[in-house]
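Please read them with the structure open.

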Amino acid sequence: MAEQILLRAEGVRKSFGALEVLKGIDLEVRQGQVVSLIGASGSGKTTFLRCVNMLEEHDAGDILLDGEPIGYRMDGSRRRRLSEAKVSAQRARIGMVFQSFNLFPHLTAEENVMLGLTKVLGKSKAEAREIAGHWLGKVGLEARRGHYPYQLSGGQQQRVAIARAVAMDPRLLLFDEVTSALDPELVAEVLGVMKALAESGMTMLVVSHEMLFVRDVSHHVVFMDEGKVAQSGAPSEVFDRPDSERLQKFLGRFHGIFSGGG
Amino acid sequence: MGFTIPGTFTFELWQARFSLLRGISATLLASGLTIVAATVMGVLLGTILAYGWWPLRLLARLYVDILRGIPVLVLILFTYYGLALFGINVPAFWAGVIALSAFATAHVAENLRGAVQSVPAGQMEAAKAIGLRFPQRLRYVVLPQAIRRMLPPWVNTGLEIVKGTTLLSVIGVVELLLSTQQIVARNYMIIDFYLVAGLLYLIINFSIAQLGAALERRFSYLRY
C-alpha cells in the first residue's frame, strides 16, 4: 500500500490499578483508511481509543500521529508529559465521536459545531457559521441548526456530534461505539453518515459492534481479546477465516446477521 | 387621615419615613455588596475546590469547612471587635459586609463545586476532544451548565444574606432592623413597626426569589 502511515501504535500498555487493560497493542492506520476494532466488551477497544485522544494516559509504548508522539516528548531517554496547551493542540487534530453523543446541552446544533472552530481554530463567527452549515447539511440536519440537543432524536444528536468532530478538519476521526446508545431504527442513519465519510477518504478508527457495517466499510479489521491484538487483517480474512477459537466464538454471536446478509 | 395626629400609625410612619429609608438603603447596600462579592469569590473558590492543584484545594476546603461551621454573628463580632485588637480598624458597615461575604463565599463555593461535579464527565471529554484548553472548557462548556444547576441554592444564599444583615445591628450598623428599633424606642408602637419591618424584608426577599425564578426560566433550555 502506498498511503503513508498516519497513526502508529507500538507496545501500548495501560493499567487501571492492578488490572492491565492493554497488554502491548501494535496497530497502524494509513491515510484514508478505515480501521475497525472489534472484540468482546472488556477487551480494551475503547480504552485504546481513549489513549489515542489522551482521555486516558497510556503507561508504556508509543502512539505516534504523523510520526509525532501523542501526549509527551522524549527528553533524552525520559518521557516528559506535554503541557496542557500542546496536548490540546494535538487533540484538535484528532476528532472523536462518543457513544453518549456528549453534545453541549446549552448550545444549539450550530453552536455545538461552531465552538471549536471559533475558540480553537480561531475562525471568525461568520466563517464558522458557514462551515457548520456545510457539515450540518452533509449529515442532513441543516434545517435543525437552531435546535437544542434536547429537541433532537438520538440519531440526530449523534449526527450533529459527527458534524462537530469532522468540521474541525481532523487528520483522524475516532468513533467509540457511536450507535450503541441508539434505538435500533436510528442506527442506520448514523452508519450512513459514517459510510459517506469513509468514502470521502476520511481516516477513521472505529470501535463498533455493527459487524455488517465493519465488514462493509473497513479496510482493516483488528480483533482484540483480553488487551491484545488477537488477529488483524482485511475484513474477508478476519470474518471468513478466523484463526482462533475466541474469534470464531465471538463472530458466532453475530451468526444470524451474516447468514442473512451474506 | 391621621397624618396630623401624634400617636396614630400613619402619623408615626410619616415621622419615621427617613429613618426607615436609611435603614432600607443600608440593608440593600450591605446585601447587594455581599451577594456580588460572595458570588465572584465563591465561583473562584468553588472552581479551586473542584479542579485545583491539591494543596490549593486543601486550603480552599479548610476555608469552606471553617467558615460554614462558625455562626455568622461570631464572624461579625470578630471582624469588628477582634480586628480592632490588632490595630486594624474597620468601620462597622464594612466589617459587617466583609464578615457576611466571607461566610456566604463558603456557601457559594460549596454549591458551585457540587454543580460542577454534577455536570456529566462526557461534557469535559467532548470539550477536550475538540481541542479546547482547560480555561476554555470551564468557560464555554462546564460553567454555563453548572450555573444553571446552582441557581436554586444561590437564590437561597441570597435570601440568607438579606436576613443575615439584621445581625449587623449588633455592631451598630443602622440597617432596617436597628432603625426600626430606634423608631419603636421613640413611639412605643412595637407591633406596628416590627410588622412594617417584617413586611419590608418580605418584599425584598420576594423580589430576589422572583428574579431567581426568572433566571431559571431563562436557562430552561438546559436539559439532557
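1. **Conventions.** The model is predicted: local features need pLDDT of at least 70, side-chain atom pairs count only at pLDDT 80 or more, and totals for chains, interfaces and linings use all residues. Residues are numbered from 1 along each chain as its sequence is written, while chains are lettered from A and ligands numbered from 1 in the order in which they are written.

2. **Chain B, make-up.** Chain B has nine helices and zero strands. Its pattern along the sequence is α-α-α-α-α-α-α-α-α. Helices here are DSSP runs of H or I with at least four residues, strands are E runs of at least two, and both are numbered from the N terminus.

3. The C-alpha trace of chain B spans about 75 × 45 × 20 Å along its principal axes. Of its 224 residues, 38% are buried. Buried means 20 or more other C-beta atoms within 10 Å of the residue's own, with C-beta atoms placed from the backbone. Among contacts in chain B with a separation of 6 or more, 72% join residues 24 or more positions apart. A contact means C-beta atoms, placed from the backbone, within 7 Å.

4. **Chain B, record annotation.** The unreviewed UniProt entry lists "transmembrane region" for residues 28-54, 66-86, 92-109 and 193-215 of chain B. Such annotations may be inferred rather than shown by experiment. Residues 193-215 of chain B are 100% helix and 0% strand, with end C-alpha atoms 33 Å apart. Residues 66-86 of chain B are 86% helix and 0% strand, and their end C-alpha atoms are 21 Å apart.

5. **Contact between the chains.** Chain A supplies 24 residues and chain B supplies 20. On the chain A side, α2 (84-92), β8 (94-97) and α3 each give two or more residues. α2(A) gives the most, with six. That side divides into 13 nonpolar, seven polar and four charged residues. Ala, Val, Leu, Ile, Met, Phe, Trp, Tyr, Cys and Pro count as nonpolar, Asp, Glu, Lys and Arg as charged, and the others, Gly among them, as polar.

6. **α3 and α5 of chain A.** How are these two helices oriented to each other? α3 (residues 109-119) and α5 (residues 154-166) of chain A pack at about 25°, with axes 8 Å apart. They are therefore roughly parallel (angles under 35 degrees). Axes are lines fitted to C-alpha atoms over the stretch in contact, and angles run from 0 to 180 degrees between N-to-C directions. A109(A), N112(A) and V113(A) of α3(A) meet V160(A), A163(A) and R164(A) of α5(A). By class, that contact has four nonpolar, one polar and one charged residues.

Key:
Angles under 35 degrees count as roughly parallel, over 145 as roughly antiparallel, 65 to 115 as roughly perpendicular and the rest as oblique. Two residues are in contact if their C-beta atoms, placed from the backbone, lie within 7 Å. A residue is buried if 20 or more other C-beta atoms lie within 10 Å of its own, exposed if 12 or fewer, and partly exposed in between; C-beta atoms are placed from the backbone.
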